[in-house]
Amino acid sequence: MDGPRQDTALDEEDDMVIIYNRVPKTASTSFTNIAYDLCAKNKYHVLHINTTKNNPVMSLQDQVRFVKNITSWKEMKPGFYHGHISYLDFAKFGVKKKPIYINVIRDPIERLVSYYYFLRFGDDYRPGLRRRKQGDKKTFDECVAEGGSDCAPEKLWLQIPFFCGHSSECWNVGSRWAMDQAKYNLINEYFLVGVTEELEDFIMLLEAALPRFFRGATELYRTVGKKSHLRKTTEKKLPTKQTIAKLQQSDIWKMENEFYEFALEQFQFIRAHAVREKDGDLYILAQNFFYEKIYPKSN
């Protein structure tokens with residue numbers, strides 16, 4: 001046809017979509033607020049994926065709708081989507097260009113303790129909101145000692161299924177297949193997975209690798225984020241050594257901890273090859289490759 005095309009393709013960077021399928025109580029709100037603060041300046045869109053009752057597993061028909069939205073909603077590109085949903089493999093739906101997955105995970109017992117008190121006392125982010133277990137004054141130690149359901153080892157089983165995905169076996173507590181699949185996805189399907197305990201380094205690496213979204217993120221986190229963005233669960237009491245030891249006897253803890261250690265090792269490996277340390281501070285390495293012996297020679 002003569003004349004210019006009306007439906008022009010987005011360039012590579014503007015066609016980019018990031019999905020942050022956030023695991024609850026891993027500093028996800030703190031990190032997401034950084035994305036919200038930068039979106040106007042860096043010219044991208046941020047969208048929260050709000051699922052009914054925070055159910056991390058989508059129905060098959062919702063999976064189709066979600067994939068279609070993500071890939072074809074040009075007005076929202078470049079886009080940063082975040083929500084408490086488990087990993088979804090876009091390739092199963094015939095998508096040519098998959099989104100970029102990122103995530104953050106946390107020491108499994110620390111995450112569970114934080115979630116336990118969050119359900120009872122909330123946090124300083126929305127202090128007036130009534131929580132599901134509000135009024136229950138029982139400490140985490142007391143819950144474990146009494147064998148309560150809210151602190152049972154089964155409640156540790158969350159980070160593995162979030163990375164494993166939408167297969168039924170992912171949600172079978174203690175499944176070795178689920179852990180292996182979660183590890184596979186972390187390595188092969190996620191661009192970067194950080195840890196709560198080293199959140200600043202995670203943000204620094206994202207800024208270096210994906211400046212289209214995260215330009216200015218490290219400085220923002222250092223100057224503002226550590227004070228205003230860190231969401232603190234109120235009334236949280238650290239568990240005793242006895243409580244921790246009891247949970248660590250569980251096979252479920254052993255698997256979740258193995259997955260956490262696996263993710264931590266991978267993150268530290270990526271960081272070691274991306275930064276240098278000087279006087280106790282980390283600095284991103286400059287480009288460390290170039291091209292030569294280019295043939296045929298141009299005239």
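These are my notebook entries on a predicted model of one protein chain.

**Ground rules.** I number residues from 1 along each chain as its sequence is written, and side-chain values use heavy atoms, with hydrogens and water left out. Since this is a predicted model, local features need pLDDT of at least 70 and side-chain atom pairs count only at pLDDT 80 or more, while totals for chains, interfaces and linings use all residues.

**Confidence.** I started with pLDDT, the predictor's confidence in each residue, from 0 to 100. The chain has a mean pLDDT of 90, and 89% of its residues reach 70 or more. Over residues 124-131 the pLDDT is below 50, although this stretch has 17 contacts in the model beyond near neighbours in sequence; contact means heavy atoms within 4.5 Å. Residues 1-7 stay under 50 too, and the model gives them one contact beyond four places in sequence.

**Overview.** I found 11 helices and seven strands in the chain; helices (H or I, at least four residues) and strands (E, at least two) are DSSP runs, numbered from the N terminus. Of the 299 residues, 47% are buried, where buried means under 20% relative accessible area, exposed over 50% and partly exposed in between (1.4 Å probe, protein chains only). Among contacts with a separation of 6 or more, 73% join residues 24 or more positions apart.

**Strand E1.** Next I looked up E1, residues 17-20. With E4 (residues 100-105), E1 pairs in the parallel sense over three bridges; Ile19 stands opposite Tyr101.

**The E6-E7 hairpin.** E6 (residues 275-278) and E7 (residues 281-284) run antiparallel, joined by four bridges. Glu277 is partnered with Leu282. Two residues lie between the strands, and Asp279 takes a positive phi near 55 degrees.

**Phe140.** I then checked Phe140 in helix H4 (residues 140-146). Phe140 is buried, with a relative accessible area of 0%. Leaving aside neighbours within four places in sequence, its contacts include Leu112, Tyr116, Cys151 and Leu247.

**Helix H7.** H7 (residues 199-209) is mostly covered, with eight of its 11 residues buried. Among them are Phe202, Ile203 and Met204, and also Glu200 and Asp201.

**Second largest pocket.** My last stop was a pocket: on a 1 Å grid over the protein atoms alone, an open set of points where a 1.4 Å probe fits, with protein on both sides within 12 Å along at least five of seven lines. It holds about 220 Å³ of space, a volume being the space filled by probe spheres set on the points. Of its 13 lining residues, the closest to the centre are Tyr87, Asp89, Lys92, Cys164 and Ser167; lining residues have an atom within 4 Å of a point. Helix H6 (residues 176-188) gives the most to this lining, with three residues.

Note on methods
Pairing = 2+ DSSP bridges.
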